[in-house]
Structure formats: structure tokens, C-alpha cells
There are 2 protein chains.
Amino acid sequence: MSTPSGGSVGLVEQKEFTFAEDHSFTFECGKPLGPLTLAYETYGELNAARDNAVLVCHALTGDAHLAGYHSGEDKKPGWWDLMVGPGRPLDTNRYFIICSNVLGGCMGSSGPTQIDPATERPFGLNFPMVTIGDMVAAQKKLVEHLGIDTLLAVIGGSMGGMQTLEWTLKYPDAMRTAVVLASTWQHTALSIAFNEVGRQAIMSDPDWNQGDYYGTSVPGHGLAVARMIGHITYLSDASMRQKFGRRLQDRCEISYGFDTDFQIQSYLQYQGRKFVDRFDANSFLYMTKACDYFNVADKWGAGSLTEAFARARAMFMVVSFTSDWLYPTSQSKEMVQAMKKNSLDVSFCEIKADCGHDAFLLPNKRLSTLMRGVMEKATRKGRTS
Amino acid sequence: MSTPSGGSVGLVEQKEFTFAEDHSFTFECGKPLGPLTLAYETYGELNAARDNAVLVCHALTGDAHLAGYHSGEDKKPGWWDLMVGPGRPLDTNRYFIICSNVLGGCMGSSGPTQIDPATERPFGLNFPMVTIGDMVAAQKKLVEHLGIDTLLAVIGGSMGGMQTLEWTLKYPDAMRTAVVLASTWQHTALSIAFNEVGRQAIMSDPDWNQGDYYGTSVPGHGLAVARMIGHITYLSDASMRQKFGRRLQDRCEISYGFDTDFQIQSYLQYQGRKFVDRFDANSFLYMTKACDYFNVADKWGAGSLTEAFARARAMFMVVSFTSDWLYPTSQSKEMVQAMKKNSLDVSFCEIKADCGHDAFLLPNKRLSTLMRGVMEKATRKGRTS
């Protein structure tokens, strides 16, 4: 793995944007609620023409902390630091980058952990169901609040890619370019199946208590199992063979018992425990359900994917990864075909990578080059059109 | 789906074989235990030459009830009824077919549900760890008890295929033919990962109580989640799309809630519940661990798969299925190559099937034809050699 080229954005600060204070925000499910808050971060400066803004949408369990460090003591930078900074593909010397925690999340934005003024206790499952469309509608308010009419680009991987697609259909003229990485235009039965098992693991944990556990317990066992399932889908057979194979964990021989024998067991258990410390179980339920409900063809094309993209205006870049079996290349190709049928400007690349679905988050020279290229093209188009 | 050709074996009876009464059976982990019992069934008649016996080994959650009906009220026949009966590929007019529940199982054979004479309570986790090798050693005792020196064939799919491989290496001269379906020579990190998450789901269920739950509770939530994970691995992306797609369950619109929206959710939940009624959670732990420990190269070839098969004498047929991503074709090919390097008589076939790992259990004309062919060849060889 190569270190990212260019520099770090250094110290950054998380901000809050509160909206729907006077008039409630109406969720797609029909429920109204307000005020609502989005936690967000920005990097670089908005230029005078206000045409260099880039919105990055995060994946299932991501947050607004895209790049840089909150303090000098942080051990790790933001989640896509390798892509964002002076001289990096999303060059903060040139672009004004925005990232916000999604509605329904648990990293500073409104969601099930928010206090319900009516009960003075966290909403829990009383928070309205959140869709990808709701996430995007809230982001639009933030973007407007920052004084931006047209984004240079909307970019996202996985669930972030779903938000990106939704942006191009809900607000077709609000961006020049859309970059969709390791994502899909619909959750298939297989993706729903994995999410459902994760939810069942959480909801059958007695500490979940119908979602009303705040201040008393944490459904940690269920949430850990859900995360372990997720982690399997983020890796690939090949990457697991390389990373772990059948290597034993802290022992020379198998234990003939139910303790940890193999490194892969230890890895999954660790990922499960770590996740419980940082993520809210209800929020996980909301995020997975938002993904399961996502289907561009049904929402925007009365069942036809081609019809759905008839309303799009953005220039697209779609990227898939060979070893991603959660959202395989075939699903990216389906949307690329639908875009092409609508004569949209779309480029598609399948990147050879062994590391599975998570590939878009890891150092990858090809992806960096593609990102530089698409940003360059978007900027040129912005100047001449 | 076609109905199986040939007839049913009709009513059958389950029997018991008890061994290690005087001298304990020593498990591979080193622990001795006895007496032990295997539940088994037989179909057809052993001929005078005692050379027409076929042992069928079942998969992870299977049992000895291979074919036919226990009573006129049974709604479903045994698990491989389509393959076993007069005129069927495993023709009971010609062959004497044996199937036993594995050691460590919970369908009549000794395992964690067995009463420990020392405490007069079920063994639970005090039952010795069971390996594929232990299962096969116990089957060997049953086969000897039935008066058979050399089996015409040992046949098994999935975990049954692992037992079949183990038979050919542990008792190289005890069979003429070995048929290995949808199986593998080692559990890879990915297969271990799926099993580990299932075990964690069970062991984090408070009702599991460190395996000591008999008579008081059942860790049903954990076991159901474990089964749901399993079911995902038994199907394929294609079969799930065909069977369920994004079709809704008993509703016209999505619920915007955490109830069941999609048919795939309902299917998985149903499979989970059904499994809890028929299978023991501890036995599930033992079975998955036996699979995770399975590695032919390490056990028989000091790390070399080719060296491992140097001891084999059987004629092999190895069959994989295109959409099986639990034990993909590549793993079958690895063992076929190792067999060929040892000049073994091996035929290999990858069958095109959309239904995933479970394909070997479903009606498949190609598989039936292959099974008839291999049995014919084994019989001919038996007569002349």
C-alpha cells in the first residue's frame, strides 16, 4: 500500500447545521419532524463564484469526519483522508469539500439517539424511518445553507453511492458530476438478506428492549454479530485467504474447544467489539433499512431503470471493483447501460482489486487517477459550459 | 423440477448401533468416551458376497433418514429420497445403502444432548470435540458391525463430502469408489468466518448459558440467526433474485418500519424458526467446528494436498456446482489436481446450476445421470478386479 500523495488537511473542526426549526421536515414516510441537525465538516475554501464545492456522501457506518484530525492526539485521520487534502485527488487547494453525517446516523446528526422533546428521552424507534431520499433532502438544505446552488461534484461509495444516485435524480441540476463507487441502484435479495440477519441479531438481543435501551444497556452482543456479518461482506474470499488463511491465533495447535483457534475468528470478534463502542444499534437498523428500501427504478422510473435516468443531467463516473460481491460489477453495468440509453455522459471502470467491497476506501492508484481525471473534467466543463 | 425416476423405498425404520461399551472410543482430541451410539438406516439388501454396500454421509444438519417414510403420516420423505429407491440412481434393488447420523449430532447419535452417566445430565460442552475423522471412525465401526469389509461406494455432499474424503485417506482400502459433491478439502477463512458468526450468535444468546441449557431453555434466537446466515450461504445471488427478488410479503407497499417488508426476510425468519424446532444449538457448534478444523493437506500430507492423496486407493468422482460460492469449483479443482498427480482414477464435473450450494440436494438430471454412471462403473470394477 502506498501512502497518499499530497498533504494532509491537518486539524479540522466539526460543525452543526440545524434546520426545520420553524417548519417541520417531512420524511418520505410522511412523518414531520423538526428541528433537525446535521453534523458536518468542510475542507478548503469556497471560491467567489461558488462553483468549486464537492459533496462527499459516506457509507453505512461512516461519519462527517472525512479527512484530517480533530486534535493532535488523534491516531487516525478521517475515513477518506488519502483522497482529500492539498495536492490529493480531492484537492483542498482547489475544491471546497463538504461531508455530513447522514440523517438517522449517530455521529452528531439527528437520528434515534436524539432527544425527543415530547418525552425528553431519546427517540429510539419513534424516530421516523429514514430513506436515502431523506438523507439527500437534508444534505440539500445544508448545501443551500452554505450558499451553493450547483455542486461541482457529488461523490460517494456504497451507501454513499446510493445517495449520489439519488442526488442526480431528485435534484438533477444541482451538480455537474456524480461519482458512484462500489454501489448499486437497488438492494437485491442477497443484500437485503445480509441486512435482515444483522437486524435479527440486534432485535433478538434482550438488551435491545424494543429499541428503548438508552441509559440502561447496550445490545452489544447483537450489534457485534451484525457487524461481523457486515465485515464478511466487505471482504472477499481472496482477501481473506491472503490476510488470514487458516493461520492460528496465539497458538501452535488447534484447541479442540470453542475458544478462538483461527486469526479470522479473532479478527471478526475484534471488529464486532470495536463497533459496539462507536455505533448505535438503532441507528444501524435505520441505515440498513434505508439501503434495503433503495431502488432507483421503482422510485424514479415506475420500475424502469432507463426511465429513471431520463431525468438525470449530471456527468457520471461509475466504478466497480472485481472482488466486490456485495455490489458486484454486474449491478454497476446495469445502471451504466440505463445512463447510456439516455445519452448521458458516463464513464465506467471496473478496477481489479482483491480486497472486496472495501476497495474504494483503501489506497488504490487507479482510483486516485480516475478521481483526479473526473475532477479535472468537471472543472473544465464548469468553466466552458 | 422433475420428480425422481424409479420408486420410493416406502416405509423404513431407524436403528441404533452401540459401540465402545467395553473399551472407550478415543476421540482425535485425545478424550476417551464410551459407550457411544449411532442412529442409522439401511435400504435394500446386503448381497451374499457383501460387496454391494454404499455408505452415504450427510451434511451439517442432516440425519440418518436418507429416504422413504417413517410412517404413513410423514409429509416429506428422507433428505435424499430422489436419489435412493428401486430404479433410482442409488438403486435399492441392487445396492445396500447405509446412512447414519454423525457422532456429535442430535438426531439419535451420541453428542452433546446425550446423558453423561457421571452427572446424569446431558453432556453439553463436556462432550469431547468431534472431528470429521471421529465421525468416520465411528461409521467404520458401524460398517464392520454390519459385516462389510469393503464398501462399493462412500458418497457425500458438503460436510458429507468431507467425511467421504476422510474415508479415502483414513481407510484407503475400505471402499472402491468415493463420490464428493459440493465439498472442499479444507475450510477456508471465508467458510470459517460464516461459521464463527453463527457460533457467536448462539454463544451470545443468554439462554445458551455456556451450553448448559437443557431442560430449562433453548438459545432459540441465537440458533435462528445462525441458521439464517447458513441459509444465505446455501443459496446464490441468482437463486435469491429468482425466488424472491424484491417482492413484498403480504403487503402492497413498504411499511416504513422494522416489520417484514420483503419475502426474503420472511423466508429467512421462517427457516430460522423451523431450525430451532428440530436442531440442538450445541450440536450446531460441534458440527461447525468439525468443518472448520477440516484440512486434508495438513492432516494427511504435512501441508501438501498432493502428498495427502498419495495414500488414497479409491476411484473418485468430484462434482461442483457453478453457483456454489460456499465451496466453489476452484476448491474441487484443487483436490482433483492433487488426485490426478497421484494417478488416481478421478472424474470431475462442474454442473451448471443456479441454486447455489444446495444444488446437490435438489432434483438435477445431470447429477442423477452421473450418479448412475459412477455406480455402474464401481459395480463393473468390483466384478472384474
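**Entry 1: two helices in chain A**

I began with how α3(A) and α7(A) are oriented: they lie roughly antiparallel, because their axes cross at roughly 160° and an angle over 145 degrees counts that way. This is a predicted model, so I keep that in mind throughout. Helix α3 covers residues 189-203 of chain A and helix α7 covers residues 281-293 of chain A; their axes come within 10 Å. I also looked up the hand of this crossing, and the crossing is left-handed.

Which residues meet here? From α3(A) I noted A:I192, A:N195, A:G198, A:R199 and A:I202. Across from them, α7(A) brings A:A281, A:F284, A:L285, A:T288, A:C291 and A:D292. Sorting the residues of this contact by kind, I got 6 nonpolar, 3 polar and 2 charged.

**Entry 2: the sheet in chain B**

Next I turned to chain B and followed an open sheet of 8 strands, with mixed pairing. The order I wrote down is β1-β4-β8-β5-β11-β12-β13-β14.

**Entry 3: a pair of strands and a helix**

I then checked β13 (residues 315-321) of chain B, which runs parallel to β14(B) and is joined to β14(B) by 6 bridges. Opposite B:F321 I found B:I351 in β14(B).

Last, I looked at helix α2 (residues 159-170) of chain B, which packs on the sheet. Helix α2 touches β5 (53-57), β11 (151-157) and β12 (175-181) of chain B, and its direction makes about 150° with that of β12(B).

Note on methods: Residues numbered from 1 in each chain as written. Chains lettered and ligands numbered in written order. Predicted model: local features only at pLDDT ≥ 70, side-chain atom pairs only at ≥ 80, totals over all residues. Pairing = 2+ DSSP bridges. Helix = DSSP H or I, 4+ residues; strand = E, 2+ residues; numbered from the N terminus. Contact = placed C-beta atoms within 7 Å. Axes fitted to C-alpha atoms, helices over the stretch in contact; angles between N-to-C directions. Parallel < 35°, antiparallel > 145°, perpendicular 65-115°, else oblique. Left-handed = near helix turned anticlockwise from the far one by under 90°. Nonpolar A, V, L, I, M, F, W, Y, C, P; charged D, E, K, R; others polar.
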